[in-house]
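Have the structure open and follow along.

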Amino acid sequence: MRSSCVLLTALVALAAYYVYIPLPNSISDPWKLMLLDATFRGAQQVSQLIHYLGLSHHLLALNFIIVSFGKKSAWSSPQVKVTDTDFDGVEVRVFEGPPKPQEPLKRSVLFIHGGGWALASAKVSYYDELCTVMAEELNAVIVSIEYRLVPKVHFPEQIHDVERATKYFLQPEVLQKYSVDPGRIGISGDSAGGNLAAALGQQLSQDSNLRNKIKLQALIYPVLQALDFNTPSYQQNANTPILPRAVMVKYWLYYLKGSYDFVQALIVNNHTSLDVGLAAGLRARLNWTSLLPASITKNYKPILHATGNAKIIQEIPQLLDVRSAPLIADQEVLQHLPKTYILTCEYDVLRDDGMMYAKRLENAGVEVTLDHFEDGFHGCVIFTSWPTNFSVGIRTRNSYIKWLDQNL
């Protein structure tokens, strides 16, 4: 009996050691976040073991775990009709909300889920629930795009998928089929989906052949650049769940099919040092000392080395491609973008990507709403249901949908 108690105490202590990480008191539901982070870390470690044993690629294994525990069928309710179909060969899940009285045509949002370009799905419960709520509360048609993921495809195939699905949907006969008003269509996405939505928005704004234009874009903690991994938010939140800096860097390399050997070099900005000529002309476009307010920059200092590793950009030129890093787009491109909403969270490495993009868009004359949550963390918008229900998740989701309702 005594040995059992000792063993139990030891196991509890080990579990507590694994789960506990120091978090700011002001972050939403810190203990619940620790448990969520521990669960995700555990899934990552299991997937790495599967990879090590040669059973499957670790990203395929990790996504299998995520989707297995959260996949949801296309189940319709009396308020929202849900169907799985494909648009020009790209899988989509369509959520058709109830029509408003005396409004025969509905609004619509093309939504792109996050997951580091490698994880999640339009069919997991988190995104299914978000899109269902959007369809019902907005009386809208929500098209959630099931683009292909790493490691099966890499940049720029994900962009091609969302662009193909979007252009198919924008055809007059397709809009008519879903009773959508062609003048009230928006694009949106969270995290890596926000990256794809931003890239898509820039491409569509330059497409002179596109008959139906996008009315707005709504970006939820988007990842927008891979040139500087030492912005104030990257420095402040380097080890903050559920997206530490090292993890974000690795997902960039997965997406761009770069060598894992470059992780540490990217973390210290060796890929954009002063001797890397290709990056020189782009630095001003994400100069956070001028784009961010003093309340954000605080006492943080830019990390810019005199010499670095020019080989990185030579081997991964996609790091400087505006389609992967929409934040570095020309001013002439930005000025043609539609009204924009950007949601950022204080405890997120990507906070400053969103804030800098908001400032650059504002400087280009675009109407921008920056919606910042002081107690938010990366991914919180989809965490609204038990057991992963966070107060900031509900507040961010409500704020996002309210903006769409008022502007779409």
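This is a predicted model: local features need pLDDT of at least 70, side-chain atom pairs count only at pLDDT 80 or more; totals for chains, interfaces and linings use all residues.

The angle between α5 and α7 is about 60°, and their axes are 10 Å apart. If you look at the handedness, α5 passes α7 in a right-handed crossing.

So who's touching whom? On the α5 side, the contact uses Gln158, Ile159, Val162, Glu163, Thr166 and Lys167. Leu196, Ala199, Leu200, Gln203 and Leu204 meet them from α7. By type, the residues of this contact split into 6 nonpolar, 3 polar and 2 charged. The spacing has a simple background: an α-helix has 3.6 residues a turn, so residues three or four places apart point the same way.

Now for α7 itself, which covers residues 192-205. Its 14 residues reach 20 Å from the first C-alpha to the last, close to the 20 Å expected at 1.5 Å a residue. Is α7 enclosed or open? It is largely enclosed by the rest of the structure, since 12 of its 14 residues are buried. Among the buried ones are Gly193, Gly194 and Asn195, along with Leu196, Leu200 and Leu204.

As a reminder, most residues other than glycine have a negative phi, and most peptide bonds are trans.

| Spot | Feature | Value |
|---|---|---|
| Phe155 to Pro156 | cis peptide bond | omega near 5° |
| Trp386 to Pro387 | cis peptide bond | omega about 5° |
| Asp88 | positive phi | about 55° |
| Tyr221 | positive phi | about 25° |

Where do the two prolines sit? Pro156 is in the loop between β4 (140-146) and α5 (157-169). Pro387 belongs to the loop linking β8 (368-377) and α17 (391-407).

Are they buried or exposed? Asp88 has 43% relative accessibility, so it counts as partly exposed. Tyr221, on the other hand, has a relative accessible area of 1%, which means it is buried.

Terms used. Residues are numbered from 1 along each chain as its sequence is written. Side-chain values use heavy atoms; hydrogens and water are left out. Helices (H or I, at least four residues) and strands (E, at least two) are DSSP runs, numbered from the N terminus. Buried means under 20% relative accessible area, exposed over 50%, partly exposed in between (1.4 Å probe, protein chains only). Axes are lines fitted to C-alpha atoms, for helices over the stretch in contact, and angles run from 0 to 180 degrees between N-to-C directions. A crossing is left-handed if the near helix is turned anticlockwise from the far one by less than a right angle, and right-handed if clockwise. Contact means heavy atoms within 4.5 Å. Ala, Val, Leu, Ile, Met, Phe, Trp, Tyr, Cys and Pro count as nonpolar, Asp, Glu, Lys and Arg as charged, and the others, Gly among them, as polar. The expected span of a helix is 1.5 Å times one less than its number of residues.
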